[in-house]
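Here are some notes for your next look at this model.

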Amino acid sequence: MAENLQLLSISENNLEKCLKCSICTVYCPVAGVTPFYPGPKHAGPDGERYRIKDAVFFDEKALKMCLNCKRCEVACPEGVQIADIIQSARIKYAKHSPGLREFTLANTDLVGSMATLMAPVANFATGLSPVKAVLNTAVKIDKRRKFPAYASQKFETWYKKHAAAEQDKYAKQVSYFHGCYANYNYPQLGKDLVKVMNAIGYGVKLLDKEKCCGVPLVSNGFIEQAKKQGEINMASMRESVKQGRPIITTSTSCTLMMRNEYDHLLHIDNKVAQDNLSLATRFIYKLVESGEVKLAFHDDYKKRVCYHTPCHMERLGWTVYSTSLVKMIPGVQFIMLDSQCCGIAGTYGFKKENYEVSQKIGEPLFRQIEEANVDNVITDCETCKWQIEMSTSAKVLNPISILAEALDVEKTIELNKK
Amino acid sequence: MNANIAKKHYDVIIIGGGATGVGTARDCAMRGLSTLLVERYDFTTGATGRNHGLLHSGARYAVTDKESATECIEENMILRKVARHCVEEHDGLFITLPEDDLAYQAKFVESCLAAGIRADIIDPEEAKRLEPSVNPTLIGAVRVPDGSIDPFRLTIANVTDAKLHGADILTYHEVTELIIENGRVLGVKLRDNKTGEMSEARAEITVNAAGIWGTLIAKMAGVTVNMFPAKGSLLVFGHRVNNMVINRCRKPANADILVPGDVITVIGTTSDRVPIETVDDMRVTPEEVEVLLTEGAQLAPALATTRILRAYAGVRPLVASDNDPSGRSISRGIVCLDHETRDGLAGFVTITGGKLMTYRLMAEIATDMVCKKLNVDKKCETATTPLPGAETSPIEEPKSHVYAFNARVGRHGTYASKVVSKDEIDNALVCQCEEVTVGEIKYAVENQHVSTLTQLRRRTRVGMGTCQGELCALRAAGVLCETCKKSVSESAADLADFMNERWKGMYPVGWGSTLSEAQLMSNIYQGLCGLDNFSK
Amino acid sequence: MKFDSVIIGGGLSGLTCGIALAKAGKKVAIVAAGQSTLHFSSGSFDLLGYDAAGNVVDNPLEAIGQLETSHPYSKIGAENIEQLATEAETILNESGLKVKGHVRKNHFRITPMGIMKPTWLTLDDYFTSETAQALPYKKIIVANIAGFMDFPVEFVAEGLRKTGAEVETKILSIPALKERRLSPSEMRSANISKILSTEETLQEIADKINSCSSDAEVVLMPAIIGLNNSQNVAILRSKVQKPMYVIATLPPSVPGVRMQKLLRGYFEKSGGLFMLGNKATGAVIENNKVVALTTSALTDDNLIADNYILATGSFQSEGLKSNYVKVYEPIFDLDVDADSQRTEWIDENVYKAQPYMAYGVRTDSQFKTQKEENTIDNLYAVGSVLSGHNSIRQADGTGVSLITAMAVAKNILNK
């Protein structure tokens, strides 16, 4: 041990590298709109020193206000994983067992599959004011919140019926981790992805078993379940890689969780995800940049769009891939919005006590979007989409969807045959 | 100095604002003596403020010095009751490593039990479970009732109580001379170290409780008390690495105690004899840092890769009895000298030796002697009367969502509610690392003899955290300037001194994040703000 | 991904160098591990404030000639500094940062402690003085926001009084901040600024100031307006009846955040790609040339460029690192100018020159770096990561950042 004497500074989530410079507090969307959140520095590295001393210093109510947007981590010049310090503390010290509301919000796949079965009823019901009132008071989900609609047919069902059979004819293949959103709420995104991948010569398979990545489980306090599901996902991915299929997704939060957080937050071996899991936009961009794949677009495609950087995209550092890909479409007039939080942060904004904060955080973004006067807002995150669509007049699309719209499939297939 | 003090004729004057001095002042005052305490600088500026903060179980001395061990465990149990807000009761481990002799463990446990110290041999696996940071190669472990104690809080609680019992306290008053007439000490001549003003104070008995500086006080009285200045250096780590005290189960040596205290961990100490002339300016050398790190990493390997906030050194006030250059075979035994019987000098008592753990007992012994001389027949009650702040237990239910409340309870115990908290400005945090509020600064100024940043640090921990004052020092200077009605130039000079004092602890460990922190600090204070060495 | 130039570090030197290159039509990417030291900005840019003996410099251009040969300015040559300084000033102005000051004549800024420090350029809404002895105003009001501790208003006032001015302090209680004051930890400049950003709140402040400043010739307040909107300061000034200026606060610096945003915006507008939160982790070096840069976010996708520029800053920005045994440059392990013995890095008096402050990577006259004593032909260094200057002693930090950024851009373009 003496040979390593003070050569390296090692502390969990780089806790000790904090120089107390306070830069993180500038970029915290929550601290800016409410005085009741102590800010990332104080909730994170400052508070952690006290929590190590005694759990009595764990202030659950205050720490719950953290969005886990990770903008503090992106801003930190010293690489302190501030949001992870806060998340780890919540995992470690939270005393209150999650209630019905947390269960509803966390179990996106379970609740999702039930809801899909009865989508027309579910959508009707969640939109109905008496039901909203119940959600508001009993389940404490804010009544002003528009619930995401559930699709009548899951993406998986569609895939099995309409796409699965054709995928083997492609020489190259990927596995698609569709996530709960594409599966239950917006199967069109999954369909768009299959369309684009097929056009560039890739077959799309599903993983043997896909479970919710765990983001909503962790933020709502279901840690053990998140771990179990994570293990299943990683096992499926290992199998996929063994069969020569890298894994792509269309969700930034799922990607960040599985690729960057499984290991230190949930202690799951996620090397397979670190090496083989990518956002679809990144996967495609790299193929195009290397010349392996060519894209052809409809000549008459014209759209004015703006791109919103989801917080977890900012943390991944992959914005460049999605924006570069969208910018390749000749008919697209592209506007880059300031990178700022929309306020929803997954299930955060659904909670009654967070609604006001959530909307206040998003306000500058909403204003910018309305002023941009665009046909579509492009973003890589499903919950940002809900929030923006609820709070502005804009229609939001994933970059893959706009690619699917603009892509001249016939020509693209032709180009990539050579 | 207050004119009343010069006019008064005290029963007793106590020289020295360390734990022993303030403890003696409290005891004397509680027994109804009119009492004056004089301290040349601030409280806790000697060995009291420069040690591990270890609530010794006495186990460390059990094999070599049964008397000290017994004193320790008795005082340990007393302090848990009377100073509970200054104490953390987390127990300690004495670990045996493969290179140590496991046979020592049996002897150790036997000696502990003989001294009345609970000592349970536990399985090394159990030790690892209890204290995950412990060196995993350990082959033996004994659990003992060690803990930690905050000497700053302890001292100030004694000061508070002494004052409640009518004692007068003068800080920044240095004894320049003893007033001696006809073989009797009649009092002291004092210099106000802030103004330079000279004065006198008189009493029946003068007690020399000046720690290592007691040798110089004795010299003023024309008597000889040979002291043995043994320098001990320590390192402060950035966060709490361990939650139990970790010791080596072997003959006491360098850097073999690792103490968690508040939000940090301290490793210490080295031990080297130093000349008495140097004790006012102790610096930690690179060699000492090396020893502390190497040995510390033996106790808890994580120390090798943990950020170090600062280094400091104190001087043990041991009474010399032989020429052992390490100072370790000397008993930490209490020495109370009646100079009337010893040297034919009446009205003068020296209380020395001992250790932080036995400060109360030392105070009791000295006060007993004073009372005897004054024919006062009142029993000591400090072993049973709680210090201010420690009256009830649990002190107060922790409150969620009230910033700094729990930290405040930790520092003030039941007195937490006395901290000024009337509006949101009082509740604002000045120091975020240590959760010090504006109200706490106001409270310290009003009640705890505070007018400088360094004094404030000793009372509240302001600037003691990770950043060592990077932003909070200027905020605190602003609040102090306003609360103490100080001039801006005085405040700026105080700030300049404070930052240099912080640096004194940082530069011996100036690498890694601590060097980066130092650069940021310099850029803020010297670059952005233009702070310079105004006091020079 | 391929670029003409890849810059590591998104602070003042990285951004201005990137802008200069992008404006010349180059494809430039900046990777930034986090936010920069602009967040601690004083609102001024210092070219050279003090000479080696610590005396205030009146004409920086003249004094640069006296600097030691190891100083970055000496490598450029005193005769070339003025041109580069002009170019840097142009970039600042084009970015939307209106500055005042002259390269041949230092002026004085007022620090948060009320001390006058010589400087080269200052944002035009900051209070400055031509001399340290006298101010352009005799009756001054310094107004702070109630509960804002990062601006010790009495220190500022006292500093100004030393010039003979009559200074009064005022504490403004702004209703819009009532809720914000409930936060014990986040009553900080940036959060205040976010609230004081609407027309109504600016009007509130102006009304408060106007009602208490009738006797004053000028009103000064902490620099807390305009985090996201650089127009807000101008709006407030238009509402205040007396001339109004700002003075720097403790970090985070609101104008500093604005500088960061405006410079990044101008860089992106000029065609540059700015990747925040992406840390350079290592490089492939072949035949004394960097052929690829690896980063934390873009795993398995190296950044390839003709030229690379190291603009990572000093210790506090992790451009330099130290441990128990050495000082090193963490990305490329470049040769550094630093004492080998740890005890030589520091002086025990914090107010003396700290040797570590002048440590940095070793470069040639073109600011090309070296590794194992071989010059790396396409890796340049700019700004605080360079060795040979102590910005605390000489007040030259931001100047070195800007001037070396301009010099290296020129060196690359002339290649």
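**Notes on the interfaces of chain B**

1. Chain B and chain C bury about 4,300 Å² between them, and 65% of that lies on carbon and sulfur atoms. Buried area here is the accessible area (1.4 Å probe) that two parts lose on being put together, summed over both. Please keep in mind that this is a predicted model: local features need pLDDT of at least 70, side-chain atom pairs count only at pLDDT 80 or more, and totals for chains, interfaces and linings use all residues. Residues are numbered from 1 along each chain as its sequence is written, chains are lettered from A and ligands numbered from 1 in the order in which they are written, and side-chain values use heavy atoms, with hydrogens and water left out.

2. Which residues make up this interface? In contact terms (heavy atoms within 4.5 Å), 52 residues of chain B meet 46 residues of chain C. The rule finds 3 salt bridges across it, a salt bridge being a side-chain nitrogen of Lys or Arg within 4 Å of a carboxyl oxygen of Asp or Glu. One to look at is C:Asp150 with B:Arg475, where the closest N and O atoms are 2.5 Å apart.

3. On the chain B side, the elements that give two or more residues to the contact with chain C include α16 (472-483), α17 (488-506) and α18 (512-528). Helices (H or I, at least four residues) and strands (E, at least two) are DSSP runs, numbered from the N terminus. The most comes from α18(B), with 12 residues. By class, this side has 31 nonpolar, 15 polar and 6 charged residues.

4. Turning to chain A, 45 residues of chain B are in contact with 32 residues of chain A. The area buried between these two chains is about 3,300 Å², with carbon and sulfur atoms giving 54%. There are 2 salt bridges across this interface; A:Arg49 and B:Glu434 meet in a salt bridge at 3.6 Å, N to O.

5. Elements giving two or more residues to the side of chain B that touches chain A are α9, β18 (308-319), α12 (405-412) and α18 of chain B. The largest share, 5 residues, is from α9(B).

6. Finally, chain C has an open sheet of 3 strands in the order β3-β7-β4, with antiparallel pairing. Strands pair if DSSP finds at least two bridges between them. The edge strands are β3 (44-45) and β4 (99-100) of chain C.

Definitions and conventions:
Nonpolar A, V, L, I, M, F, W, Y, C, P; charged D, E, K, R; others polar.
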